[in-house]
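Try each task before you read its solution.

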Amino acid sequence: MTLLSTENLSKKYGENEAVVTALDQVSFSVEKGEFVSVMGASGSGKSTLLNLLGGLDYPTEGKVLYHGNNLFDMNDEELSRFRLKTIGFIFQSYNLIPELTVRENIILPAEIAREKPDEERVAQIVESLGLSDRLAHLPGQISGGQQQRAAIARALINQPEILLCDEPTGNLDQKSGENVLQLLKMLNRDYGMTILMITHDAKIAEQTARTICLSDGKIVNET
């Protein structure tokens, strides 16, 4: 079943002679339960694509479809609710709030949604990610790998349909990066989580089921 697809998705910045095409007529689909990587060099359009898929930016042309419904037919309130409930975002820079404990960061999306956190789910997530003994720590008191695991836990708390990951291993050493990648593979394999991951590293991309290669804003290859 197709969960996510794009149709002739384009994004341009500037006008007239100063126009820059960041994404150019991109069309692809992701099936429910797939683990797909999007690979390309810096400036290839990867982050622009991720922002559009997550409803963080608007396209110049084209569609982003979830279950066949165009994301950009929603109003701002509907789009905000969609991002909160349907998508889990994992960023290269973790984006944890430094004044909140690990636990407080993890349950923050549930609180924003004005929902009481499911304590059983919280316990299951933190145990599976090896964070049970770090919940009372502040982000600055734990390692980079642990911070990224906390960010993954936060992304999972509202039971999203898809994880959008922007270079999730980019700020980590090799061992921590490998651990995070293995966690993502476990979520995909054992829980059927649909994952789309941006990366510039071919070694990481080759560990996913499918790789979409971008260059100058266009899809140039799929493997």
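Two residues are in contact when heavy atoms of theirs lie within 4.5 Å. Keep in mind throughout that the model is predicted.

**Exercise 1. Find which residues of α4 are buried, and say what they pack against.**

Solution. 
Step 1. Pick out the residues of α4 with under 20% relative accessible area. These are R121, V122, I125 and V126.
Step 2. Recall the helix geometry: an α-helix has 3.6 residues a turn, so residues three or four places apart point the same way.
Step 3. Turn to the other side of α4, where E120 and E127 are exposed.
Step 4. Look for the neighbours of the buried side: its residues pack against α3 and α5.

**Exercise 2. Describe the largest nonpolar core and the elements that supply it.**

Solution. 
Step 1. Count its members: the largest nonpolar core has 33 residues. Within this core, I152, L163, L184 and L187 have the most contacts.
Step 2. Trace the core back to secondary structure. At least two residues each come from α3 (102-112), α4 (119-128), α5 (144-156), β7 (162-166), α6 (174-191) and β8 (194-199).
Step 3. Zoom in on L163. Leaving out residues up to four places away in sequence, L163 touches G88, I90, A155, L156, L184, L187, M193, T194, I195 and L196.
Step 4. Check for another core. There is a second, separate one of 27 residues, and L4, L23, V38 and F72 are among them.

**Exercise 3. Work out the strand order of the six-stranded sheet, and explain why β6 and β10 each have a side without a neighbour.**

Solution. 
Step 1. Read across the sheet: the order is β6-β7-β8-β3-β9-β10, the sheet is open and the pairing is mixed.
Step 2. Look at the ends. β6 (87-91) and β10 (218-222) are edge strands with a single partner strand each, so one side of each has no neighbour in the sheet.
Step 3. β7 and β8 are parallel, with five bridges between them, and C165 has M197 in β8 as its bridge partner.
Step 4. Place the helix: α5 packs on this sheet, where it touches β6 and β7, and its direction makes about 165 degrees with that of β6.

**Exercise 4. Decide how strand β3 is covered and which strands it pairs with.**

Solution. 
Step 1. Check the burial of β3 (residues 35-39): five of its five residues are buried.
Step 2. Sort the side chains by direction. F35, S37 and M39 point one way and V36 and V38 the other way, all of them buried.
Step 3. Take the pairing with β8, which is parallel and has five bridges; F35 is partnered there by I195.
Step 4. Take the pairing with β9, also parallel, through four bridges; here V38 stands opposite I212.
Step 5. Visit R210, a residue of β9 (residues 210-215). R210 counts as buried because its relative accessibility is 15%, below the 20% cut-off. Among the residues that R210 touches are F35, V36 and S37, as well as E222 and T223.

**Exercise 5. Give the order of the four-stranded sheet and locate the helix that packs on it.**

Solution. 
Step 1. The order is β2-β1-β4-β5, in an open sheet with antiparallel pairing.
Step 2. Its edge strands are β2 (20-31) and β5 (69-70), each pairing on one side only.
Step 3. Eight bridges link β1 (residues 2-13) and β2 in the antiparallel sense, and L9 stands opposite V26 in β2.
Step 4. Helix α1 (residues 46-53) packs on this sheet and touches β1, β2 and β4 (61-66). The direction of α1 makes about 120 degrees with that of β1.

Note on methods
Residues numbered from 1 in each chain as written. Predicted model: local features only at pLDDT ≥ 70, side-chain atom pairs only at ≥ 80, totals over all residues. Heavy atoms only, no water. Core = buried A, V, L, I, M, F, W, Y, C linked by side-chain atoms within 4.5 Å. Buried < 20%, exposed > 50% of the residue type's maximum accessible area, 1.4 Å probe, protein only. Pairing = 2+ DSSP bridges. Axes fitted to C-alpha atoms, helices over the stretch in contact; angles between N-to-C directions.
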